[in-house]
Amino acid sequence: MPGLTSESDDLAMVPVSSEPENHPAVIYPLHHGLKSPIHRLSISWARGNTLQVSVLGKPQLDTATDVDGREGGGGRVVEVKLSNSGDEEVDAARWRRIAYGSVTPFALLQSRKHSLSAMSLDNPPYKAQWWEHVIEYSKEINSLLSDRKSPPRSIIEDPKSVVNETAEPMCLKAAWELLEIFYVDKQSQSWIPERLLDWLADYDPLFSGTVPTIHSKLVDFQQELAGVQVVEEDPNYWEAIASALSIGWLGTVAKLLRLHGSYRFDQLASRETENGLVEAVAVLISKMPRMRPNLREENLGECYKTKPDFMKAWEKWRAQMTKLDCSSYWLQCDHQQTREGLKNLIQIMLGNPSVLSNATFNWMELFISHFLYVRPFTAGLESMYNLAQKCMQLKPISSPHKLFGLVLGILGENTEVVLAECSRSFGPWMMAHAVELLTAGSTHAEILLHEERSKLGGISIEELHKLVYAQVLSSHAFTWQITPIYLTSCIKQGIGLLENLLYKQPVQHSQILLKSIEICRLYELDTISSNIMRIAGMHHWKHGRKGSGVFWLQQARDEFRLNRIAKQLFDFVGKSVSDEGFKQWEGLIELLGSEPRTAGGLEFLNKYRDFRRSLLQVHGDTPTDGARNAAEALVSLMKNPSTPQRFWLPLLYDSLKLLNWQERPLLNVSQTQLLLNKLQELSMARLRPDFVEADLPSDSLSSVRLALATNLGRAILEE
Amino acid sequence: MDKPIIHLDKGTTCTAWNYSGQRLAAGSTDGNLSIFDSTDPASSVFSCSSKFKVHESSIVKIIWAPPEYGDAVVCICADGSLLLWEEVVEDSELLQWKLCKCFDRISSQVLDVQFGVSKTSLKLVAAYSDGQVKVFELLDPFELKNWQLQAEFQNVIESVSKFGNVSCQSASIAWNPLKGEIQQSSFVLGFNSDMPQMNSSKVWEFDQDHQRWLPVAELALPADKGDPVSTVAWAPNIGRPYELIAISTSKEIAIWHVGSNPDPGGRLSVEKVATLSTHDSEVWQMEWDMSGMTLATTGSDDVVRLWQSDLNGVWHEQAVLEPTS
């Protein structure tokens with residue numbers, strides 16, 4: 001990352017084991033672009049690992065900067081993502097692809113672990129099954145890391161192309177493969193040196209930026225090759241061959257040897273012996289015994305699957321080599337460079353340590369060359385580690401590549417170092433996913449990673465790394481949705497973090513709201529779900545979308561707030577409002593529903609709505625039947641005990657036109673008497689100090705009483 | 001890694017993000033409040049959606065109300081007044097910010113306020129320059145103007161009598177950031193005052209049975225009890241068996257573990273687990289991330305420091321963000 005003042009390229013906030021010496025904090029620049037001096041900073045955490053820093057300029061200096069005409073004063077808000085992918089070589093889009101792609105294998109493995117753990121994982125048959133699952137998982141993740149397409153190969157192979165520039169290798173993939181080789185792939189345990197050789201063949205270019213490598217040597221030589229007429233006279237030619245041979249790139253060696261001038265038709269006759277020697281070496285190289293099941297494309301040698309067969313072949317091959325070395329044909333070879341070059345190659349194959357050391361450029365290459373030619377029967381991590389130490393002493397490097405540290409940690413069987421290297425160099429994604437490989441392959445790692453630690457608040461290191469990764473995922477709007485997969489695999493604190501994450505979602509965006517609710521439903525987070533819906537309901541209500549507000553509050557089953565809304569609707573009772581206003585009010589009542597559990601006042605509100613609706617339909621020219629319906633609704637409302645007393649007078653006052661109906665009285669004697677009794681009760685209640693007077697004209701009571709009295713008279717006459 | 005996302009106006013004195021980190025409120029010396037919004041939650045493009053004058057004097061601090069109560073902020077102003085503003089759309093009018101409540105101020109100034117959510121009500125704790133602590137309660141979730149004074153006390157453990165003539169420079173309050181509704185609400189409070197008994201941070205919990213606030217823990221070693229507290233921060237708890245609280249004084253930042261089960265006397269067990277150097281600067285703000293694993297601090301040295309515990313429970317300064325133009 002450009003501009004960082006430290007060597008580290010990632011600000012991954014991952015807790016690691018304390019280093020022996022007190023490490024000073026790493027300093028990162030915070031680019032804000034503000035010209036005036038800083039007055040103060042203000043910080044706030046957004047979702048995940050995102051920190052929002054407000055950088056505020058000195059307020060009193062504002063006017064001064066104004067006069068200068070500079071852009072000054074004010075402030076900037078800077079968003080700081082505290083953890084990126086962990087690797088600068090991965091861009092954001094590619095990182096998201098990896099993040100999304102690893103979800104399915106991870107989730108599948110977790111569910112398999114879950115079902116197997118029910119059957120006790122320690123039983124040998126289940127353990128074997130588990131191995132297979134982990135291998136499958138590892139392969140899938142591995143293929144995910146190499147999704148970049150290789151450039152198309154030219155149809156006509158260029159004989160002078162010695163180095164294949166295939167897909168750009170990735171450190172992340174290289175690290176993953178190392179873990180796979182050593183922890184997961186049990187079948188390759190017998191031929192680990194050969195697997196390391198393949199690994200180096202794939203990833204040697206990665207080291208070129210940090211340390212000298214054979215790969216960069218070959219790339220340089222290839223460029224030079226175009227201008228060279230007689231290659232065998234160029235010392236670089238022989239050096240390139242020796243280097244390629246030393247780390248087992250036999251295909252490249254064979255290709256280079258074919259460029260030897262003695263193969264040319266015009267020279268074949270005069271350089272017969274020389275050519276014979278070149279060919280003899282080439283044949284021996286192609287017959288080199290290899291302790292591996294099969295060869296990769298473009299590689300040479302003869303494969304042996306069992307150790308005895310391999311040892312027998314190896315002895316025979318070495319004998320042939322020694323015989324060739326002592327052959328008298330060398331004396332007949334006039335070409336000095338060829339003679340010395342070929343002899344050097346034989347020395348490499350005979351395992352001459354100083355020649356190997358000269359041919360390789362860093363300890364990793366030297367290490368591989370020793371496997372191939374000095375100690376082909378090396379087995380066991382301890383002896384490999386000792387060999388690595390020896391090679392490091394022979395070829396010390398000032399700034400080692402991060403993968404070298406990982407290799408050493410693995411060979412040294414030091415899980416802490418492996419974890420620290422993975423965490424420091426490859427970031428939270430690696431930690432969350434590689435834990436499965438480590439725990440499957442090493443009992444020590446399993447104990448270390450699964451042990452619950454009180455110092456970590458009761459969680460294991462495995463869980464810690466998953467939590468950290470989940471926090472990285474939740475920092476971004478495109479990846480937060482996959483965090484539940486990781487968090488639900490954290491037994492202790494995963495759900496707690498998921499709840500906090502869901503609570504921080506901006507639920508006024510309907511898509512995010514629906515997604516959050518779906519996650520809550522999947523993981524049975526009812527309290528959070530209600531809370532999210534409550535937030536959404538309040539947001540809509542306060543922003544004028546009352547219907548949505550009520551809907552979401554109902555979804556949240558927030559009786560408290562719904563009751564409060566119902567009470568607010570009471571304010572409408574007895575007020576004269578426009579048709580439009582009534583419609584809105586009516587709609588809200590409709591939404592609130594009539595279920596008594598929702599709100600006590602709702603029964604009244606529903607009845608009142610019916611009454612009001614029928615009353616609105618009553619005009620001077622309405623048939624009496626219609627008006628009678630309204631009158632019935634009034635009586636039913638007044639009879640109902642749920643009708644609050646404070647609404648009695650407004651209801652009656654609203655109904656004056658019914659009470660004074662011209663054509664005939666709408667209420668019979670008993671109904672009128674009921675209403676008169678209510679009116680009497682109301683008059684008594686008015687004497688009490690807590691009585692609240694309705695907001696009506698002063699003569700309202702008397703006009704209602706008069707109307708009722710008239711109605712009573714007419715009703716008696718009619719009956 | 002770092003990206004400027006908002007340009008703030010001249011004279012901006014303070015900022016505050018809402019619960020989701022999608023809205024920023026910025027206060028300025030002339031008493032104006034600006035609201036910045038991002039229309040798309042996936043983008044970090046923000047624009048000013050509202051700007052309005054909340055008060056005659058400079059805004060010192062802004063705190064967003066919990067989202068369960070709508071979009072509202074309280075502003076503490078330089079003259080010590082406390083105002084609550086709310087964003088509403090009323091009766092098919094346009095969206096607008098309205099003053100809901102201007103809290104009474106007699107002679108003392110408001111130093112800090114924080115909202116706390118309980119099952120049925122919203123609480124607001126305010127610390128004043130005369131050393132008084134007031135807890136207000138909102139009974140109707142739709143009416144942000146109707147606040148009731150629930151309690152008034154001083155930040156002392158055993159108060160036989162009330163301390164008079166106290167002068168406080170600053171105070172800091174942090175609620176237990178608990179989202180569930182089971183546990184009782186509590187908060188931690190510390191002062192920077194001329195009254196040593198008042199300074200040390202105490203955890204206050206509401207006693208339902210007796211309807212009063214009780215101090216259940218004191219977060220200071222016996223020798224440090226009088227140290228003025230500059231800021232406190234209560235970490236989110238995603239499953240730890242203890243609570244984590246950071247306290248900064250002029251000397252240090254201390255990390256405390258607070259147990260969750262009270263002893264027979266009603267006190268919670270406390271343990272100071274880390275003492276972090278403030279590098280001779282005053283700490284003005286401390287914020288925990290959402291997992292409670294990383295503490296970010298900032299202060300008079302104008303840098304952001306990030307602190308974390310390692311696998312052995314030892315706290316370290318992990319990183320420093322140093323502003324550079």
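**Entry 1**

I started with one pair: the side chains of Lys61(B) and Asp112(B) form a salt bridge at 2.9 Å, N to O. The rule I used asks for a side-chain nitrogen of Lys or Arg within 4 Å of a carboxyl oxygen of Asp or Glu. The model is predicted, so I took local features only at pLDDT of at least 70 and side-chain atom pairs only at pLDDT 80 or more, while totals for chains, interfaces and linings use all residues. Residues are numbered from 1 along each chain as its sequence is written, chains are lettered from A and ligands numbered from 1 in the order in which they are written, and side-chain values use heavy atoms, with hydrogens and water left out.

I then looked up the domains of chain B: domain 1 is 1–105 and domain 2 is 108–324, with bounds that come from an automatic or database domain assignment. Their C-alpha centres lie 24 Å apart. Each side puts 20 residues into the contact, meaning heavy atoms within 4.5 Å.

How much area do domain 1 and domain 2 of chain B bury between them? I get about 1700 Å², 71% of it on carbon and sulfur atoms. That is the accessible area (1.4 Å probe) that two parts lose on being put together, summed over both.

Between these two domains I count one salt bridge. I also get three residue pairs in polar contact, both at pLDDT 80 or more. A polar contact here is a pair of N or O atoms within 3.5 Å; within protein, one must be able to donate a hydrogen and the other to accept it, and residues adjacent in sequence count only if both atoms are side-chain atoms.

On the domain 1 side, S6 (59–64), S7 (72–77), S8 and S9 (96–103) of chain B each supply at least two residues. Strands (E, at least two residues) are DSSP runs, numbered from the N terminus. That side divides into 13 nonpolar, one polar and six charged residues. For the classes, Ala, Val, Leu, Ile, Met, Phe, Trp, Tyr, Cys and Pro are nonpolar, Asp, Glu, Lys and Arg are charged, and the others, Gly among them, are polar.

**Entry 2: chain B against chain A**

Next I checked the chain interface. The contact takes 84 residues from chain B and 90 from chain A. The two chains bury about 8100 Å² between them, 61% of it on carbon and sulfur atoms. In chain B, Met1(B), Met290(B) and Leu311(B) lose the most area to chain A, together 12% of what that side buries.

I find three salt bridges across this interface. Glu143(B) and Arg564(A) meet in a salt bridge at 3.5 Å, N to O. Which strand gives the most to the side of chain B that touches chain A? S25(B) does, with nine residues.

**Entry 3: strand pairing**

Strand S1 (residues 26–31) of chain A pairs with S25(B) in the parallel sense over six bridges; pairing needs at least two DSSP bridges. Val26(A) stands opposite Ala319(B).

Within chain B, S22(B) and S23(B) pair in the antiparallel sense over five bridges, and Val283(B) stands opposite Gly299(B). These two strands form a hairpin with five residues between them, and Gly292(B) in the turn has a positive phi of about 75°.

Notes:
Helices (H or I, at least four residues) and strands (E, at least two) are DSSP runs, numbered from the N terminus.
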